[in-house]
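I opened the notebook to go through this protein. My entries follow the order in which I looked things up.

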Amino acid sequence: MHIQTAAVQTLRDHQHGAVVPPLHLASTFELDPATADGPFAYQRGSNPTRAELEQVLAVLDGAEHGFAFASGMAATAAAFSILETGDEVILSASVYGGTYRLVDKYFEARGLRARFVEDLGTLTEADVTERTRIVFVETPANPTLRITDLRRIVDLAHRGGALVVVDNTFMSGVLQRPLALGADVVVQSATKFLSGHSDILAGTITTNDADLAERFALAQKALGGVLPPFDSYRLIQTIKTLPLRLERQQANAIAIREHLGAHPAIGTVFFPGSHSEEEARIHASQASGPGAVLAFELAPEVDRVAFLRALRYPAYAVSLGGVESLICHPATMTHEAMTPEAQAEAGISPELLRLSVGIEDVADLVEDLDQALAAGLAAS
Ligand SMILES: *Cc1c(COP(=O)(O)O)cnc(C)c1O
């Protein structure tokens, strides 16, 4: 089954023949008095609506097991819940700002170590020590869109006895399937492309490893950061158009990137594969498209605030992946938890803007960017 078919056809209501599965809001379920057992007992442990969403999540990622959490960070925290005192995690310096915050604020006091590597492409076998439990990868990285060779990281990590966790938020299972490349765990912020309408906060974990799946089910039950039924129901709905939305958003992003690349008021444009031919080759070998997020630096003669104020369509807001275009300034917004030194190391300059491209008519978006750039030039 192709992914657009799977997104639409995975779930039916077999009890009543309804083409859309029902929403179960119950927090508790009747049990068999003889065994105190039943298919569901209490909403936090599991419930029919979340279980159906988790089935779709697994299908989209080509996984055996799927888990839905209350946010992308709850999913990442649950993935890190397998860590024990003394364990080390290797991450790229340009990891998602919230993941950086989690590691920065919670690891040290709990006896965990985080090692940030400027470029995971330079990781060697000697870097993966016996303390290394997880190599955490984001590719494309946020917001620089740098690419990491997943097969190579999987090989290095596994030889050193470590697990590979991939944050696949920028790609989703539609464009990239890390588990098929050997990764152990995929986490995603479903707040972004999976929701696609900027009105659900959610996170996901998928894996093929039965032991890890047990640990993540325990994290749901014991830590409790689960996705409520109503949001699960809505995510089942929004996922049906995920491949379709992504196709349009990606086509728009490609057109905008070409336009900006030739614009005199724009400096460097960043997108998957733009850093080097090597990264372009790697990305093409592990993903089926560049996605719908790009970043660019304004030329020095453009007044950033005037440019942003003049934009009619992309809202100046964090987040990404929705049907409406959004633009943000990573240095003061998404990545403000990082010190200026850490930002510089990750390639996040004060001039960098990140654009998440929506499904609007691309002619309107291009025209809007052009008039705002003219306003930014006039104001400086
Ligand atoms: C947004 C995001 C997260 C965190 O997800 P929330 O749903 O906001 O908690 C993690 N990773 C990446 C790459 C993100 O963009």
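**Ground rules.** I am working on a predicted model, where local features need pLDDT of at least 70, side-chain atom pairs count only at pLDDT 80 or more, and totals for chains, interfaces and linings use all residues. Residues are numbered from 1 along each chain as its sequence is written, and side-chain values use heavy atoms, with hydrogens and water left out.

I looked up the domains and got domain 1 (3–239) and domain 2 (243–379), with bounds from an automatic or database domain assignment. The contact (heavy atoms within 4.5 Å) takes 40 residues from domain 1 and 44 residues from domain 2. The two centres, taken over C-alpha atoms, are 26 Å apart. I then checked the buried area, meaning the accessible area (1.4 Å probe) that two parts lose on being put together, summed over both. It is about 3,400 Å² between domain 1 and domain 2, and carbon and sulfur atoms give 59% of that. On the domain 1 side, Ile147, Leu175 and Phe193 supply 20% of the area buried against domain 2, more than any other three residues.

**Salt bridges across the interface.** I counted two between domain 1 and domain 2. The term means a side-chain nitrogen of Lys or Arg within 4 Å of a carboxyl oxygen of Asp or Glu. I also noted the bridge from Arg101 to Glu336, with the closest N and O atoms 3.4 Å apart.

**Salt bridges elsewhere.** My search of the whole structure gave 13 salt bridges. Arg115 and Glu88 meet at 3.1 Å, N to O. Arg115 is in strand S3 (residues 113–117) and Glu88 in strand S2 (residues 88–92), 27 residues apart. Strands are DSSP runs of E with at least two residues, helices runs of H or I with at least four, numbered from the N terminus.

Is Glu88 buried or exposed? Glu88 counts as buried because its relative accessibility is 0%. Arg115, at 25%, counts as partly exposed. My cut-offs are under 20% relative accessible area for buried, over 50% for exposed, and partly exposed in between (1.4 Å probe, protein chains only). I also found Glu88, Arg113, Arg115 and Asp127 linked in a network of salt bridges.

Next I took Arg159 and Glu125, whose closest N and O atoms are 2.8 Å apart in a salt bridge. Arg159 lies in helix H5 and Glu125 in the loop between S3 and S4, so the pair ties together parts 34 residues apart in sequence. Both are partly exposed, Arg159 at 49% and Glu125 at 45%.

**Thr334.** I found Thr334 in the loop between strand S11 (326–328) and helix H12 (340–345). Thr334 counts as buried because its relative accessibility is 11%. Its side chain makes a polar contact of 2.7 Å with that of His335. Leaving aside neighbours within four places in sequence, Thr334 touches Gly97, Val318, Cys328, His329 and Arg354.

Terms used: Polar contact = N/O pair within 3.5 Å; in protein donor to acceptor, adjacent residues only side chain to side chain.
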